[in-house]
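Please read the points below alongside the sequence and the model.

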Amino acid sequence: MSRENDGFEFHPTRLQRFLDVAYRFINVFVRWDQLPTMLAAFNIAAFRDRLRAHNLHHTGYGAKSPGPWKPGYERWRSPDGSYNCPGHPRMGMAGTRFARNIPLAEGVPETGDALLEPSPRLISRELLARHEFIPAPTLNLLAAAWIQFEIHNWFSHGRPEAGNEFKVPLPRGDDWPEKATFDGCMHIQRTAHDETKREPWLGATPTFINFNSHWWDAGQLYGHNHHTQMKIRSERDGKIRFDGEMLPEDPDMEGVDFTGFNDNWWIGLALLHNLFAREHNSICDALKSAYPKWNDEELFQHARLINGALIAKIHTVEWTPGILAHPALQFGMPAQWWGVHQRWLHLLLGEDNEVSRGIVGSATDQHSAPYAMTEEFTAVYRMHPLLPDTVSIRPFEKGASETLDFINVQGKKTRALMKKHGFLNVLYSLGTQNPGALRIRNYPNFLRQFQKDRVRDKTKPAPPLMDMAAIDIMRDRERGVPRYNRFRELIGKKRVTSFEEITSIPGIAEKLREIYKDVDRVDLLVGLMSEDLPEGFGFSDTAFRAFILMASRRLKSDRFFTDDFRPEIYTELGLDWIRNNAMKSVLLRHFPRLGPALEGVNNCFSPWNVVT
Amino acid sequence: MAIRITIPGIIRLAWLRSPDEIVAANDSGVVQRSLSGLGGLVQRSIAAKLAVFRTPDGDTWPAFRDRADPLRTKHQKELEKTLSDTRTLLKRVAPETGALASYIRSGSTNRPPEIIVQQMVGRLFFEDYAASEESYDAAHTLQTWVSGGPIKSYLLKASGALKRALDLIITLARGNTSCAHATAIAMHNIVDAVERMRQLAKTADNLKTLSPQDAIASALRAPKQVVRETRDGGPVCGTHLGARTLVVLRLESARQQRPDVGIEFFAKGWNQCPAHAVVPSLLAEIWKKAKAAKA
């Protein structure tokens, strides 16, 4: 196997080459977000092609051969994501490595003291800690739950390893609890080590395993291996097993639903998992009516395929334009799914072009590397500031609302709370309150001193007390994700030369200077949260560059969204289901009483009507 | 004191010449061995030149591997161990050292001295390594590729000579990238040292009076310069270097200022040359043999 991305290459068309040159010139004078809508949308497409050519770097698969091919894998997804690309069966499989969006030599972590400089705890306290809740007024709290729901589909670095922890010295006067202080230091566990054999061409770049499948396959619902998948199934009519109105409880975790991936459980995740498990069962009912001779396996696998695609569609045409409310994105994201139905564009680009017809249904293409999620994409998805420190539970009809600390709506308390208040009230509550904005000094404080619940098996050690903000900083550093300025450069933006160029938030540039001294040292997360945003954006333009590349790649590389997005695979009913449904119809199918709250709401991730 | 040149879009360069600066830059976490090609056209051109030193599988040659690369450390340790058994190695290359001694003494050999040097270096890795005019031409081509100007480099690439040279060197080295580096690039330093010894021997009664150590001190030089890069800006020996600065370490200049620091082999540095013991032993042996024959 060659280092040169396993033989994959990007072949730009003449038009793509032309747009690349033209927009390089235009962007010298005008930023993409200040162009007229259509020009800005094509500017994004030019960025994407540039990134496809230069920012996909293979790190080897790591994992050995996948399990044996089974009949049916040609028509539906295997449980672990293997055989999605028949010529490269390991591609995107659970247990394979994260790839990179930067050249491998740029992904080498710093060593010695530099790795801990400046102290991640200092950054947590001085730059990330929430002083006052900054809301994201155009979003509701379901948007925060949604992205976590989706992240649980795409990536998991596994459980951190005990032993050989990073030792972060605590400054005098730090309020970190004594019981979690060791020789004056806070300990941070390391990411699980990649035990697979390293290829010599990896150089000094560390590699890590994605324990989830890399594909957009709704693995958070269905699990990432055959064993888990069988446990969530009822084995009747293709349906997911329910315990009354709710998913059953995880036998290993008190108060947590049993589902495909249930780490970091809270009421937001419970809602979405239950909602889309119900949706799965509704699809099964429809399929059974249309295809009465199908057995449990046929029904389950087809419903899984359809439900997964519906979730991907909601993410693409609703969640993303919700958080990136720029006109070019309002136009571009639906176009990514549906295409642009303009005759002139079809004539210019051809009927099969991904711009004119949409990525979905176009030809599969891995571009310049085998498909895999990347460390850099993981890094830009650090979105903990979306979580508030308190959640209000508002009754949908009448009664007093109750405000709870976030710590009391998560972990082992989740199921009891869901049972006490009911799905309708909790959905309505999350639909009518704002999440936090992805800004500096808005990191939820409960996560800065957080301890996960212990599993039922008491022989396993209790999880350590964590400062998630400090951990977020250390994760990027230990995985060799470049700091903010170099990240900008490598993703196609100019480096900044001063702290003032990053941010105009009052007092932040001075604070950055005081802590970092050198603008090149600013951590990626800090830079992303500080950066001035384009109009309508919920996160930074720098993070957006990684999204431009990777968000479309999740669709374009997956044969079930491209070559195999056809009736022979999905059924006509399945394609109609995906085409005709959206978040609102899913919500109303399972909770029809929400009607008044959703009336006139165009995007279910924006705040709903307050009806009580 | 570092000399710095910045021409936006063309080059951002820092020249380090003093031994202290070079040692500090070599140890600094800010300065990296791998070149990104970012920072200017010159950087891009140099990075493109060095990027060819890979196996067909993309395995980078050891001398271009980064400090934190676990394989670099492993290669270095293994090679250091192999090359530290100088007695065995000197026996193995006795015919070559004899031939080179004869060249130093008389100025003539059956084969050109540079081919003998290449074979001697190759045999430190493989007992049956056989150099030829063709293999030396390949090494010369690679050396020209590294140090030549843009037109020469373009011609080498366009004509296919570069690829042919790389393929031949790697084939002769049986895929061993350390051997490939030694027989294609590092050997030129030994050829130059042998040539200087020959000049020494020609003058007065140096061959009679100079000890092997003195001869080595006169003949062995450090590579003229090596290049590094700063990924991010940061302090290097008291100076702040900007991001993507091409850092040129002028080794020979530093060695002349202070010959005792072992800069020619980055002695005691993380990147100490594994041949730091064997190369002086080989040169000493050649001088000794030349001296003995004269006597």
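**Notes on a predicted model**

1. Chain B holds an open sheet of five strands, in the order β1-β2-β7-β4-β3, with mixed pairing. Strands pair here if DSSP finds at least two bridges between them; strands (E, at least two residues) and helices (H or I, at least four residues) are DSSP runs, numbered from the N terminus. At the edges stand β1 (3–7) and β3 (31–32) of chain B, each of which pairs on one side only. The model is predicted: local features need pLDDT of at least 70 and side-chain atom pairs count only at pLDDT 80 or more, while totals for chains, interfaces and linings use all residues. Residues are numbered from 1 along each chain as its sequence is written, and chains are lettered from A and ligands numbered from 1 in the order in which they are written.

2. Within this sheet, strand β2 (residues 11–16) and strand β7 (residues 246–249) of chain B are parallel and share four bridges. A14(B) is placed opposite V247(B) of β7(B).

3. Two helices of chain B lie across strands of the sheet. Helix α1 (residues 19–27) of chain B lies across β2, β3, β4 (226–230) and β7 of chain B, at about 130° to β7(B). Helix α2 (residues 41–50) of chain B lies across β2, β4 and β7 of chain B, at about 65° to β7(B). For these angles, axes are lines fitted to C-alpha atoms, for helices over the stretch in contact, and the angles run from 0 to 180 degrees between N-to-C directions. Two residues are in contact if their C-beta atoms, placed from the backbone, lie within 7 Å.

4. Chain A has an open sheet of three strands, ordered β1-β3-β2, with antiparallel pairing. Because β1 and β2 of chain A are at the edges with a single partner strand each, one side of each has no neighbour in the sheet. Helix α14 (residues 468–478) of chain A packs on this sheet and touches β1 and β3 of chain A, its direction making about 50° with that of β3(A).

5. Strand β1 (residues 161–169) and strand β3 (residues 185–190) of chain A are joined antiparallel by five bridges. F166(A) has I188(A) in β3(A) as its bridge partner, and K167(A) is opposite H187(A) in β3(A). Strand β2 (residues 181–182) of chain A is linked to β3(A) by two bridges, also antiparallel; here T181(A) is partnered by M186(A). β2(A) and β3(A) make a hairpin with two residues between them, and D183(A) in the turn has a positive phi of about 50°.

6. Which residues have the most contacts inside the largest nonpolar core? They are A143(A), A145(A), W146(A), L271(A) and I306(A), in a core of 161 residues. Helix α8 (residues 296–323) of chain A gives the largest share of this core, twelve residues. Apart from this core lies another of 75 residues, including V30(B), L210(B), V279(B) and L282(B). A nonpolar core is a set of buried Ala, Val, Leu, Ile, Met, Phe, Trp, Tyr and Cys residues joined through C-beta atoms within 7 Å. Buried means 20 or more other C-beta atoms within 10 Å of the residue's own, exposed 12 or fewer, and partly exposed in between, with C-beta atoms placed from the backbone.

7. Beyond neighbours within four places in sequence, W146(A) is in contact with L272(A), W319(A) and F605(A). In chain B, helix α6 (residues 113–123) is mostly covered, with eleven of its eleven residues buried.

8. Some backbone angles deserve a look. Most residues other than glycine have a negative phi, and most peptide bonds are trans. The bond joining E117(A) and P118(A) is cis, with omega about -15°, and P118(A) is in the loop between α2 (37–54) and α3 (120–128) of chain A. D237(A), not a glycine, has a positive phi of about 55°; with 16 C-beta neighbours inside 10 Å, D237(A) counts as partly exposed. R174(B), also not a glycine, has a positive phi of about 55° and lies in the loop between α9 (161–172) and α10 (177–202) of chain B. R174(B) is exposed, with 11 other C-beta atoms within 10 Å.

9. The contact between the chains takes 22 residues from chain A and 18 residues from chain B. The chain B side has four nonpolar, seven polar and seven charged residues. In this classing, Ala, Val, Leu, Ile, Met, Phe, Trp, Tyr, Cys and Pro are nonpolar, Asp, Glu, Lys and Arg are charged, and the others, Gly among them, are polar.
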